[in-house]
Amino acid sequence: MFVRELREGTHVECVLVVREAELRPKCDGSQFLRLTLGDRTGSLPASVHDGVAAAAAAAIVGAAVRVSGRLHVNGRQGTELHLSSIGAAEPGTFDLADLADGPPRSAIQMEADLRELLATVQDRDLHRLLDAVFGADSPLWARYRSAPAAKRFHQAYRHGLLEHSLSVAQAVSAISATFSEIDRDVAVAGALLHDIGKLDAYAFAGGAIEMTDAGKLQGEIPLGYYRVRRLIDGFDGFAAPTAEAVLHIILSHHGSLEHGSPIVPCTREATLVHFCDNLGGRLGSFDRLEKELPNGERWSRFDRALGGGAYFGDASAPQEAREAA
């Protein structure tokens, strides 16, 4: 029984992973437990009003829990799982692969594609910088390879950061061939590094993604800027214009002040990375919504990242058949 298969009124008896857990106050001064539970096909909110202390002890973020309850849908709160029981899932009674989402390509294949792309960067300084992050012996590489790309909206799973940044860099590389004025090496390096601040902004364990204190206090863009700035400062003779070009991409890749960038894109390379990043994130949202789409449905639920529902015209075929195609 997967999340995408649940319907209103369905009795739920399964193992899910805890993605968010928060104790909230009631009007009478007592507390209830608000949860987000999920598996590889999606997530849904749930709440516990009785036996809160025992439920909170079991519902640790990242833990697998066995739940029992019924799914309810109402116009104000949307879909919610009303729990009658929740407890730690016994090892061996579930398959971890059913709980953890992941990219369609293997991490091994993505790493091979990354190394092929890195080999095309000719600029000496950028080659040194990229090797400090992506070199096989770099302590950053292991973290980068495993990190998620987001908490919720796109590639919010293990290897998501590698998947997202690689796809943005590959798009940037291809488009650079059309516009000769673009410094391809700068654009590709900026694309690969634009989200490196997420290494410090997110904590990832057991399939659950949480914002770190640094992520909440400083934000992913400043964290990424200072990490790359420190790396650059550690090199002798790193060309100042090249450093400024790459750092500008990191600072401006969200595209506007209201979306969190302290500066808007002011170069061709930064503009290209921003649009490819935005496109990658939005298309990643379609991937997420299609995984959650119930069999036979053509429209997803409303999605805040897209500003509406997503349409999948071929959704009349069973989900498993589409995934196997």
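Which helix does His 274 lie in?

1. His 274 lies in helix α12, residues 268-292. Helices here are DSSP runs of H or I of at least four residues, strands are E runs of at least two, and both are numbered from the N terminus. The model is predicted: local features need pLDDT of at least 70 and side-chain atom pairs count only at pLDDT 80 or more, while totals for chains, interfaces and linings use all residues. Residues are numbered from 1 along each chain as its sequence is written, and side-chain values use heavy atoms, with hydrogens and water left out.

2. His 274 counts as buried, at 12% relative accessibility. Buried is under 20% relative accessible area, exposed is over 50%, and partly exposed is in between (1.4 Å probe, protein chains only). Setting aside neighbours within four places in sequence, His 274 is in contact with Ser 252, His 253, His 254, Gly 255 and Pro 265. Contact means heavy atoms within 4.5 Å.

3. Helix α4 (residues 124-134) packs against helix α5 (residues 139-146) at an angle of about 70°, and their axes are 6 Å apart. This makes α4 roughly perpendicular to α5. The cut-offs are under 35 degrees for roughly parallel, over 145 for roughly antiparallel and 65 to 115 for roughly perpendicular, with the rest oblique. Axes are lines fitted to C-alpha atoms, for helices over the stretch in contact, and angles run from 0 to 180 degrees between N-to-C directions.

4. On the α4 side, the contact is made by Ala 132, Val 133 and Phe 134, and on the α5 side by Leu 140, Trp 141 and Tyr 144. The residues of this contact divide into six nonpolar, no polar and no charged. Nonpolar covers Ala, Val, Leu, Ile, Met, Phe, Trp, Tyr, Cys and Pro; charged covers Asp, Glu, Lys and Arg; the others, Gly among them, are polar.

5. The whole structure holds twelve salt bridges, each a side-chain nitrogen of Lys or Arg within 4 Å of a carboxyl oxygen of Asp or Glu. One of them joins Glu 22 and Arg 24 at 3.3 Å, N to O. Glu 22 is partly exposed at 41% relative accessible area, and Arg 24 is partly exposed at 33%.

6. Arg 105 and Asp 113 meet in a salt bridge at 2.9 Å, N to O. Arg 105 is partly exposed at 29%, whereas Asp 113 counts as buried at 17%.

7. Glu 111 and Arg 145 form a salt bridge at 3.2 Å, N to O. The pair links distant parts of the chain, with Glu 111 in helix α3 (residues 107-118) and Arg 145 in helix α5, 34 residues apart. Glu 111, Arg 115 and Arg 145 are linked in a network of salt bridges.
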